Amino acid sequence: MMIHLIRREGEAAFLDGTHRSANPYDVQTNEWIEWMDGFDAAASQKSHPHEVSAACEHVRVL
C-alpha cells in the first residue's frame, strides 16, 4: 500500500511543477523507483492523454 502512496507523490510532484530530480528518496531504492514511475506516468498522461492509461490503473503481473 505504501508503494501506491509514493507513486502518487511522484504524480503530484509533476502536477505541481516540481523538477524530476527532486525525488526525495535514496537513488535506486524501491521508493525512488516508484516515485519516478508516478512522475513519469503523469508526464506521459499529460503529453499523450489518449494513449496512456492513468498510472493507478497499471497492474504488474509476475
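Predicted model: local features only at pLDDT ≥ 70, side-chain atom pairs only at ≥ 80, totals over all residues.
User: How far apart are the end C-alpha atoms of helix 1?
Analyst: Helix 1 has 15 residues, and at 1.5 Å a residue these should span 21 Å. The model agrees with that expectation, since the end C-alpha atoms of helix 1 are separated by 21 Å.

User: Which residues of helix 1 are buried, and what arc do they cover around the axis?
Analyst: The buried ones are Ile6, Arg7, Gly10, Glu11 and Ala13. An α-helix has 3.6 residues a turn, so residues three or four places apart point the same way.

User: What phi does Gly17 take?
Analyst: Helix 1 runs over 2-16, and Gly17 comes just after it. The phi there is positive, at about 90°.

User: Is His19 buried or exposed?
Analyst: His19 belongs to the loop between helix 1 and helix 2. Exposed means over 50% relative accessible area. His19 has 58% relative accessibility, so it counts as exposed.

User: What separates the C-alpha atoms of His19 and Phe39?
Analyst: Neighbours within four places in sequence aside, His19 is in contact with Trp35 and Phe39. His19 and Phe39 are 20 residues apart along the chain, and the separation of their C-alpha atoms is 9.6 Å.

User: Which residue's side chain makes a polar contact of 2.8 Å with the side chain of His19?
Analyst: His19 is a loop residue, found between helix 1 and helix 2. Its side chain is joined at 2.8 Å to that of Ser21.

User: Is Asn23 buried or exposed?
Analyst: Asn23 is also in the loop between helix 1 (2-16) and helix 2 (30-47). The cut-off for buried is under 20% relative accessible area. With a relative accessibility of 10%, Asn23 therefore counts as buried.

User: Which backbone oxygen does the side chain of Asn23 reach at 3.0 Å?
Analyst: Beyond its neighbours within four places in sequence, Asn23 is in contact with Trp32, Trp35 and Met36. A polar atom of the Asn23 side chain also lies 3.0 Å from the backbone nitrogen of Tyr25. The backbone oxygen reached at 3.0 Å belongs to Trp32.

Conventions: Residues numbered from 1 in each chain as written. Heavy atoms only, no water. Helix = DSSP H or I, 4+ residues; strand = E, 2+ residues; numbered from the N terminus. Buried < 20%, exposed > 50% of the residue type's maximum accessible area, 1.4 Å probe, protein only. Polar contact = N/O pair within 3.5 Å; in protein donor to acceptor, adjacent residues only side chain to side chain. Contact = heavy atoms within 4.5 Å. Expected span 1.5 Å × (residues − 1).
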